[in-house]
Amino acid sequence: MTNRTAGRVHAGLPNQRQPRVDPDAFVLAGRPLLPGVRLSDTSRFSEDIWRLKHAQMQRHQTDLVMNFTRVPARFRQVAKEVSYTLLASDLPPGCEQVRTLSTIRRYAADLRRVLVWVDDHQALAVSALTGADVEEFARHLAGLRESQDAKNGCHRALRLLWLCRTKISDPLTFDPAAVLAGLQPSGSRSVTRRARENATSRIPEQVLAPYLVWALRWINDFADDVIGAHDEWRQLNRWSMPSRRRRGQQPIGFGQAGKQVAKVLNRYRLEGRPLPGWKGSVNRQHLAREAQVERTSLVDRAPGGKLIREAAAELGIADAAYLRVPVRGLLDGKPWHGPIEYADVEPLTRMLQTACYIVIAFLSGMRDSEVKHIKRGGVSAWRDEDGHVVRRRLTSLAFKGEAEQAGVEATWVISASAQRAVEVLQRLQPDGQDALFALLPPSHGYIAQGGRNEARTTSATNADLTAFTKWINGYCQKTGSDDTISLVNGQDWKVTTSQFRRTLAWFIARRPGGVIAGALQFRHLCVQMFEGYAGTSESGFRDEVEAEDAIARGEKLGDLIVSHEFHRLSGPAAAEAESRLAEFERHVQFCGKVFNDAKRLQRHMNRHDPHIYPGDFVTCVHNPDRALCRRSDGRDGPSLPDCQPLRCRNVALSSDNILRMREALAAYDRELELGDHLAPLVRHRLGVRRQEIAGFLTAAAANDPAPETS
């Protein structure tokens with residue numbers, strides 16, 4: 001039986017039940033603070049609410065708070081001590097990887113759940129808990145209807161009371177890990193294995209195709225109109241009543257206001273425009289913004305009020321307050337939008353910023369935190385000697401896997417569309433704003449955030465992505481367009497920030513046909529991203545793509561196994577390929593069908609990968625000792641772009657490979673039929689190449705074992 005009290009701390013531990021931290025200690029001491037923040041401005045240990053925003057380096061994160069008022073009073077001190085220990089740089093053994101503020105806050109929340117349960121069971125101290133108490137707590141968690149991750153979080157928080165035993169005044173006197181391990185059901189999947197699997201859903205192609213098409217329309221066709229409306233809105237908003245009061249602008253007299261509004265009304269007459277309206281009446285607030293006067297100076301009894309009544313009788317009243325910026329963007333040969341209202345600017349600019357996010361996130365492979373930290377001037381282009389762009393690079397900050405909490409500078413290779421999205425954002429943001437995903441001036445909360453360079457939070461962007469879907473479907477319904485976002489299993493698909501990277505990895509690995517692959521040239525982007533993205537930061541994107549590639553290979557190998565009579569292999573490595581496939585089948589046990597569970601297939605590929613790589617023209621049965629290709633990154637596997645199929649002994653041919661080679665032969669024949677129209681050297685090289693392929697196919701057919709007969 002497991003000794004459940006192994007590692008027990010002696011009851012007479014020095015300073016047992018005595019406070020271990022100075023009440024005036026700053027909880028963020030030793031952590032980098034935001035520019036302009038003094039340590040004296042931050043929270044102290046004695047406070048029951050700790051505000052962590054002063055040390056949050058990632059702009060897109062919501063302000064984090066630790067609220068200890070929700071912890072039972074008798075255990076509040078120990079909860080603070082554990083949290084302070086995790087926030088400090090001197091971490092005890094077993095806690096070395098607990099660094100980020102968001103993780104520590106989550107641990108503190110889990111610890112609160114543990115201590116609430118302990119308090120409910122009338123325990124006087126953490127040190128009084130026994131192995132039986134831990135078993136009872138584990139059974140309590142097992143009976144709750146919540147995710148296993150949430151339960152594991154409570155197990156982890158309980159163990160913190162042991163791991164931090166030398167730092168806190170009321171520690172657990174034994175390691176609960178042995179007790180919890182003994183209660184884990186046999187055959188259950190380990191947390192470590194589950195954590196390694198990417199559970200993020202990819203965006204289905206029937207959703208992604210119109211979603212990305214509309215995002216590209218926004219930045220290519222609609223952006224100029226929205227930015228023009230935004231510029232006009234900003235000029236008018238400077239003279240709104242809240243803006244005037246923030247500047248301390250003094251009101252002018254009725255007489256001067258009348259003169260200024262008269263100029264505005266004359267402009268309406270020259271343009272033949274009706275006056276701005278609101279609920280059937282003249283929108284005097286909008287006229288006040290145009291005339292740069294107070295709204296109260298245009299009341300009926302004032303001279304300006306009389307002029308407005310006369311102009312309304314002459315020109316009429318519009319149904320809204322429309323801006324003057326013309327709409328020039330076209331969709332299917334027609335203007336995509338009618339005259340833009342003053343009130344439309346906020347949702348339109350938000351949709352444009354969201355469209356830019358979609359294009360950048362999907363076509364770069366950047367994480368949400370990395371996209372949110374793009375700054376003005378972050379794109380650079382490398383050109384050849386003729387001035388043509390060879391590579392476009394985007395610089396931002398990377399956080400995951402980096403030692404620096406403030407992030408490290410990293411570079412991503414992007415496409416022309418992503419560069420265009422960055423340029424649109426630079427035009428959309430005010431000149432003094434370098435953070436391209438900061439709140440826009442028309443946004444709700446822009447004034448409240450005090451002009452700080454804060455980006456929209458992840459949750460806010462997820463809400464924007466949902467709103468973008470609704471806008472597309474609403475617009476299509478209104479205009480009769482067919483480019484709607486399709487339902488998935490009868491429901492709207494909820495796009496989130498984390499799905500773009502996952503989806504891009506899938507497309508690069510699979511290189512599917514259809515509108516997406518054809519329009520975006522994933523094969524080309526694959527080379528660009530691997531060259532520029534993986535080399536500057538521990539991004540893990542290459543690993544994600546290769547994991548997707550392994551799943552795709554597993555599905556193709558499964559097809560070779562279950563349809564062997566239709567996909568017999570030939571060529572130099574055919575015998576070895578058949579042997580490896582038989583061994584793979586023995587472990588995987590296809591039994592006449594392929595896996596429909598990608599995660600299960602990925603695990604089998606990790607354990608029993610036969611290192612067979614189906615391609616368009618050949619199937620590589622990789623053996624590094626006789627391979628003619630070498631990967632430049634030093635990793636295992638072939639370099640398929642450098643394949644020499646007619647000479648390499650690792651080559652096997654499936655029926656699909658042979659079909660593609662015969663198609664290549666037919667293409668050579670069509671070229672050679674041009675005869676005298678070809679230069680002699682070109683004709684000679686085409687002939688040699690055609691002869692090599694024909695000879696290779698003949699040799700492969702001669703070595704192909706005869707089909708089995710019954």
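Begin by selecting Val379, whose bridge partner in strand 8 is Leu394. Before going further, note that this is a predicted model, in which local features need pLDDT of at least 70 and side-chain atom pairs count only at pLDDT 80 or more, while totals for chains, interfaces and linings use all residues. Residues are numbered from 1 along each chain as its sequence is written, and side-chain values use heavy atoms, with hydrogens and water left out.

**Stop 1: the sheet**

Strands are DSSP runs of E with at least two residues, helices are runs of H or I with at least four, and both are numbered from the N terminus; two strands pair if DSSP finds at least two bridges between them.

Now follow the pairing of strand 7 with strand 8 (residues 389-398), which runs over five bridges in the antiparallel sense. Select Ser380 to find Arg393 as its bridge partner in strand 8, and then Trp382, whose partner in strand 8 is Arg391. The two strands form a hairpin with five residues between them, and in that turn Gly387 has a positive phi of about 90°.

On moving to the pairing of strand 8 with strand 9, you will find seven bridges, again in the antiparallel sense. One place to look is Ser396, which stands opposite Ala410 in strand 9.

**Stop 2**

Select helix 7 (residues 205-237) together with helix 15 (residues 458-479), which pack at an angle of about 85° with their axes 11 Å apart. The axes are lines fitted to C-alpha atoms, for helices over the stretch in contact, and angles run from 0 to 180 degrees between N-to-C directions. Helix 7 and helix 15 are therefore roughly perpendicular to each other, where angles of 65 to 115 degrees carry that label, those under 35 count as roughly parallel, those over 145 as roughly antiparallel and the rest as oblique.

To display the contact (heavy atoms within 4.5 Å), show the side chains of Tyr211, Trp214, Ala215, Trp218 and Phe222 in helix 7, and those of Leu465, Phe468, Thr469, Trp471, Ile472, Tyr475 and Cys476 in helix 15. By class, this contact of helix 7 with helix 15 has eleven nonpolar residues, one polar residue and no charged residues. For these classes, Ala, Val, Leu, Ile, Met, Phe, Trp, Tyr, Cys and Pro count as nonpolar, Asp, Glu, Lys and Arg as charged, and the others, Gly among them, as polar.

**Stop 3**

Buried means under 20% relative accessible area, exposed means over 50%, and partly exposed lies in between, with a 1.4 Å probe and protein chains only. Leaving aside neighbours within four places in sequence, Leu216 is in contact with Asp221, Val359 and Ser417. If you draw a C-alpha to C-alpha distance from Leu216 to Ala418, it reads 9.5 Å, although the two are 202 residues apart in sequence.

Next, go to Val299 in the loop between helix 10 (284-291) and helix 11 (303-315), a residue that is partly exposed at 21% relative accessible area. Not counting residues up to four places away in sequence, Val299 touches Phe254, Arg284 and Gly305.

**Stop 2: two positive phi values**

Most residues other than glycine have a negative phi. Select Gln122, in the loop between helix 2 (101-120) and helix 3 (131-142), where phi is near 60°, a positive value in a residue other than glycine. Gln122 counts as exposed, at 58% relative accessibility. Then select Asn489, in the loop between helix 15 and helix 16 (499-510), where phi is positive and near 55°; Asn489 is exposed, with a relative accessible area of 78%.

**Last view: the whole chain**

Zoom out to the protein chain, which has 23 helices and twelve strands, and of whose 710 residues 45% count as buried.
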